[in-house]
Amino acid sequence: MEHIGLKGLPRETFESLKPRLKKLHLPSLKVILITDDQGRREQARFRVFLIGGKHLLLTEEAFGPAYGEVGSRVLGELVALLKKGGTHDFKEAVLPPGLYSALDELDPQELRERLLANANPADPGLYAA
């Protein structure tokens, strides 16, 4: 599994992710937006987990309203880029804070299984900036 980006830096994380996206088949990509804050979307922080065949990518916590207007805007840009590339499988996983904090410590396959089990279909329009 590849870890991408810098915690709390949406633009830098997005720019680090872009070249890696070019290596993936976007129409078959699974996107899981991970947060630990249910019911307060206006304050949510997100990490993004991408499953592209055997490739697993996990961004640092850098997206969403918790990082201000730029955090929301960049999350919207990321979702728009993925949709434009043909991605249609968007999910959101709300995890308990302890598990959210320990994502980097999990075995990649365990992380994949836990997220797929906890994820619910998401409307990409919710993340538009």
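Contact means heavy atoms within 4.5 Å, and helices (H or I, at least four residues) and strands (E, at least two) are DSSP runs numbered from the N terminus. The model is predicted, so local features need pLDDT of at least 70 and side-chain atom pairs count only at pLDDT 80 or more, while totals for chains, interfaces and linings use all residues. Residues are numbered from 1 along each chain as its sequence is written, and side-chain values use heavy atoms, with hydrogens and water left out.

Start with the sheet. It is open and built from six strands in the order E1-E4-E3-E2-E5-E6, with mixed pairing; two strands pair if DSSP finds at least two bridges between them. E1 and E6 (120-121) are the edge strands, each pairing on one side only. Strands E2 (residues 30-35) and E5 (residues 89-94) run parallel and are joined by six bridges, with Lys30 opposite Asp89 of E5.

In H1, Pro10, Thr13, Phe14, Leu17 and Leu21 are buried, meaning under 20% relative accessible area with a 1.4 Å probe, protein chains only. These buried residues fall within an arc of 95 degrees seen down the helix axis (taken from the directions from axis to C-beta atoms), so they line one face of H1. Their cover includes E1 (2-4), E3 (47-52), E4 (55-59) and helix H2 (68-84).

Technical notes
Buried means under 20% relative accessible area, exposed over 50%, partly exposed in between (1.4 Å probe, protein chains only).
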